[in-house]
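Please consult it alongside the sequence and the coordinates.

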Amino acid sequence: MSLFDDDFYSTRVSRRTLWEKNRAVGSRRSGGRSVLRIALTSSLISAAAVALVFGLFTGFDRGGETVKAVAGITNVSMNDPLEKTISAAAKVRPAVVSIINEQEMPAGQGGSGSDGADANSGADASGDGSSALQQAALGSGFIFEKVGGKAHIITNNHVIADAAAVKAVLSDGETRDAKIIGKDEISDLAVLEIDAKGIDTVAQFGESEDLRAGQWVMAIGNPLGLSDSLSMGIVSKTKRIIPVSLSQDGNYDWEQEVVQIDASINQGNSGGPLIDLDGHVVGINSMKIADYGVEGVGFAIPSHVAMPIVQSLLEHGKVLRPYLGVYTMDLSRYLQQQAAAATQGDGGNGSGSGGPGGDETDPNGSDGVDGSDGDAGAPSDGSDGMMAPQGELKLPDNVHDGVIVLQAVGPAEEAGLNYGDVIVKLDNESISSTLELRKYLYGDKSIGDEIKITYYRNGEKQTTTFKLEEKTED
């Protein structure tokens with residue numbers, strides 16, 4: 001027997017005590033494992049929830065290449081919009097060309113074109129004072145098809161206007177002679193042809209009618225002679241109707257449907273392609289508003305408007321439009337001139353700046369409302385019998401809108417229309433200006449259709465009906 005016989009002080013532990021202690025320790029260990037299991041389960045649930053929410057907002061199908069970061073280098077996915085601009089431009093750029101408009105000028109005299117930088121004087125100059133072909137304007141264009149060993153190019157009509165010769169500069173710098181297949185001043189489009197040797201890329205057209213405001217687009221061209229230039233912006237307005245002065249005299253005599261963009265458009269960009277981020281042509285860059293304080297307002301002819309015109313130019317060399325056969329002047333303009341003359345007391349309303357101006361001038365040099373190519377344009381100064389009516393016209397007091405006939409030729413002359421008649425209706429459509437006359441004639445009528453004209457002569461309303469014809473070259 002030991003000194004400390006009770007178990008309290010003894011170093012020995014009874015089997016019962018040891019069993020109870022082991023059971024208690026086991027319980028504590030089991031409780032610890034339970035806490036760990038709960039924490040682990042909660043973490044897994046949280047991670048799954050985060051993945052689910054992220055997937056709902058970003059999409060589970062990542063597609064294309066994944067983003068990998070190695071040694072500080074990031075590989076960008078092909079779905080990245082910045083990468084799409086590069087691939088879209090690369091797809092079209094080889095098909096884009098620079099257009100050079102050459103005109104006859106006295107040797108040593110430089111010039112500047114309607115859509116270009118200053119001309120390079122001295123090109124082909126002989127030095128003997130005779131006329132030589134010199135660069136008069138610069139523009140852009142793009143190859144859209146290859147047929148029978150020839151490549152066809154779309155550009156703007158104003159880019160090649162008055163050209164004695166046209167050249168196309170390819171993306172690799174090679175210059176080739178270009179032939180004008182057809183042109184149309186009203187739509188401001190032209191088609192050129194060059195040898196297709198070595199040309200592998202043609203631009204593909206997209207659906208301009210599917211454009212949306214805010215969509216990214218790119219303009220490619222030859223601004224200021226800087227060939228192969230890109231600019232980028234958004235579609236500001238998918239359909240804009242803007243007035244156009246075909247005769248460049250400040251009198252609006254046509255309306256053009258365009259896409260408004262804020263991509264930079266400068267002299268030389270005209271005729272170049274406007275493309276979407278898939279590299280498809282959705283428009284032909286045509287014009288911009290060039291005024292002090294105006295930035296980022298450019299316009300392109302939508303591809304769905306351009307293609308029927310281009311097809312007609314390829315097939316016929318011109319756009320077939322119905323021919324009415326009248327030179328006209330807006331009645332409202334005539335009345336304004338009469339009022340101004342009465343105020344000034346000079347009574348003048350004939351030739352000069354107060355004359356009929358461009359309302360009567362055919363955009364293609366034939367007659368006021370004929371869209372086909374002609375031989376001689378109506379004068380813009382009121383000469384050669386194209387004077388505005390002298391004195392007051394005899395009209396009912398309630399007639400203030402219409403167009404005055406300055407000269408009737410072809411079918412209009414055969415139908416009995418004369419100088420001084422005031423046309424107020426075509427069929428049942430009221431006509432208040434030359435612009436409205438053109439829009440109705442070109443938009444609602446075709447060659448061979450009959451048309452009813454309501455007009456006033458000496459204050460009396462009369463009507464005549466005749467068949468619309470196609471303007472012939474003679």
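D188 is buried, with a relative accessible area of 12%; buried means under 20% relative accessible area, exposed over 50% and partly exposed in between, with a 1.4 Å probe and protein chains only. The model is predicted, so local features need pLDDT of at least 70, side-chain atom pairs count only at pLDDT 80 or more, and totals for chains, interfaces and linings use all residues. Residues are numbered from 1 along each chain as its sequence is written, and side-chain values use heavy atoms, with hydrogens and water left out.

**Positive phi in loops**
- D188 lies in the loop between strand 7 (175–184) and strand 8 (189–195); strands (E, at least two residues) and helices (H or I, at least four) are DSSP runs numbered from the N terminus.
- The phi of D188 is positive, near 60°, and D188 is not a glycine.
- Most residues other than glycine have a negative phi.
- L224, also not a glycine, has a positive phi of about 55° and is placed in the loop between strand 10 (216–221) and strand 11.

**S229**
- S229 belongs to strand 11 and touches A219, I220, G221 and P223, not counting residues up to four places away in sequence; a contact means heavy atoms within 4.5 Å.
- The C-alpha atoms of S229 and R93 are separated by 9.1 Å, although these residues are 136 residues apart along the chain.

**Helix 3**
- The 14 residues of helix 3 should span 20 Å at 1.5 Å a residue, which agrees with the 20 Å between its end C-alpha atoms; the expected span is 1.5 Å times one less than the number of residues.
- Buried residues in helix 3 are S303, A306, I309, V310, S312 and L313.
- G317, with a positive phi near 80°, follows helix 3.

**Second largest pocket**
- The second largest pocket has a volume of about 470 Å³; on a 1 Å grid over the protein atoms alone, a pocket is an open set of points where a 1.4 Å probe fits, with protein on both sides within 12 Å along at least five of seven lines, and lining residues have an atom within 4 Å of a point.
- Of its 20 lining residues, W254, I309, R321, Y442 and G443 are the closest to its centre.
- Strand 12 gives the most to this lining, with 4 residues.
- The lining of the second largest pocket comprises 10 nonpolar, 4 polar and 6 charged residues.
- The second largest pocket lies between domain 1 (204–316) and domain 2 (327–340 + 388–470), because both give residues to its lining; the domain bounds come from an automatic or database domain assignment.

Key:
Grid points are joined across faces, edges and corners, and a volume is the space filled by probe spheres set on the points. Ala, Val, Leu, Ile, Met, Phe, Trp, Tyr, Cys and Pro count as nonpolar, Asp, Glu, Lys and Arg as charged, and the others, Gly among them, as polar.
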